[in-house]
Amino acid sequence: NMKGAIFDLDGVIVDTAKYHYLAWAKLADELGFKFTEEHNERLKGVSRMRSLDILLEIGGLEFPEAEKVVMADNKNRLYVEYISRLDESELLPGVKAYLTGLRARGVGIALGSASKNAEFILNKLNITELFDAVVDGNKVALAKPDPEVFLIACRELQLLPEECIVFEDAEAGVQAGQAAGMKVVGIGSREVLKEADLVIPGLHVL
Ligand code: BG6
Ligand code: MG
């Protein structure tokens with residue numbers, strides 16, 4: 001009996017992975033190595049700075065913190081350029097209908113995302129009004145698989161963890177939801193989302 005639904009953003013509501021990929025690949029290119037789409041899988045659900053660390057590890061490079069901050073800023077500037085062109089047409093199938101249906105049933109709806117660009121993206125997609133609470137990378141200290149983001153979201157909905165269901169496309173996110181004591185619906189493939197309570201290809205099947 002679900003009273004609250006907490007949605008990850010990237011990969012659940014909108015496919016931003018392709019834009020993250022283009023921006024990270026450009027940085028790798030400037031640093032002199034190839035960053036593939038397969039490598040990009042490892043960045044899903046992971047915070048911006050942790051993503052950079054993984055990318056540099058793939059390239060076999062190390063930099064002082066101050067230079068890494070500049071790299072991450074440059075990557076983000078390019079990423080924001082891409083996502084500034086987002087609109088409703090890029091909502092993943094079924095998102096609008098499912099969220100609208102939940103609202104009609106009185107289910108609380110929250111966003112639980114690692115992204116610091118979450119509010120910007122929700123506005124571009126014109127779905128900000130569908131959320132009762134938005135918890136993003138600006139509000140949390142501990143990255144998924146830590147449960148913090150989902151625990152804050154559930155508290156903002158004024159619900160208990162066992163009353164909430166998490167929707168996630170990344171392995172770290174599935175783990176975070178379960179660590180929060182919530183049931184987790186995985187969006188994607190069973191091979192990647194082994195630990196999810198249920199796996200579906202997208203919200204359109206619900
Ligand atoms: C997650 C994405 O939602 O947000 C990651 O899956 C991304 O790939 C992370 O690195 C942080 O996003 P941003 O927008 O703050 O750089
Ligand atoms: Mg995701």
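**Reading a predicted chain, feature by feature**

Q: Where does Q158 lie?
A: Q158 sits in the loop between α7 and β4. Helices and strands are DSSP runs numbered from the N terminus: a helix is H or I over at least four residues, a strand is E over at least two. This is a predicted model, in which local features need pLDDT of at least 70 and side-chain atom pairs count only at pLDDT 80 or more, while totals for chains, interfaces and linings use all residues. Residues are numbered from 1 along each chain as its sequence is written, and chains are lettered from A and ligands numbered from 1 in the order in which they are written.

Q: Is Q158 buried or exposed?
A: Counting C-beta atoms, placed from the backbone, within 10 Å of a residue's own gives the answer: 20 or more others is buried, 12 or fewer is exposed, and in between is partly exposed. Q158 has 12 other C-beta atoms within 10 Å, so Q158 is exposed.

Q: What is the phi of Q158?
A: Most residues other than glycine have a negative phi. Q158 is not a glycine, yet its phi is positive, near 60°.

Q: What can be said about the phi of N126?
A: N126 also is not a glycine, and its phi is positive, about 60°. N126 belongs to the loop between α6 (118-125) and β3. With 13 other C-beta atoms within 10 Å, N126 is partly exposed.

Q: Is the peptide bond from K144 to P145 cis or trans?
A: Most peptide bonds are trans. The bond from K144 to P145 is cis, with omega near 15°. P145 is in the loop between β3 (133-135) and α7 (148-156).

Q: How many helices and strands does the chain have?
A: There are eight helices and six strands. The C-alpha trace spans about 50 × 35 × 30 Å along its principal axes, and 35% of the 206 residues count as buried.

Q: What do contacts show about the chain?
A: Two residues are in contact if their C-beta atoms, placed from the backbone, lie within 7 Å. Among contacts between residues at least 6 apart in sequence, 58% join residues at least 24 apart.

Q: Which residues does UniProt list for "binding site"?
A: The unreviewed UniProt entry lists D8, D10, E168 and D169. Such positions are given in the numbering used here, feature names are shortened, and annotations may be inferred rather than shown by experiment. These residues are spread over 162 residues of sequence but cluster in space, with a largest C-alpha distance of 9.0 Å.

Q: Where is D10 found, and what does D10 touch?
A: D10 is in the loop between β1 (4-7) and α1 (17-31). D10 is buried because 23 other C-beta atoms lie within 10 Å. Setting aside residues up to four places away in sequence, D10 touches T16, A17, S113 and S115.

Q: Where is D169 found, and is D169 buried or exposed?
A: D169 is in the loop between β4 (164-168) and α8 (171-179). With 25 other C-beta atoms within 10 Å, D169 is buried. Apart from neighbours within four places in sequence, D169 is in contact with D8, G11, V12, K44, I187 and G188.

Q: How many residues surround ligand 1?
A: A residue is near a molecule if its C-beta atom, placed from the backbone, lies within 6 Å of it. Around ligand 1 there are 17 residues, and the closest are D10, R48, S115, K116 and N117.
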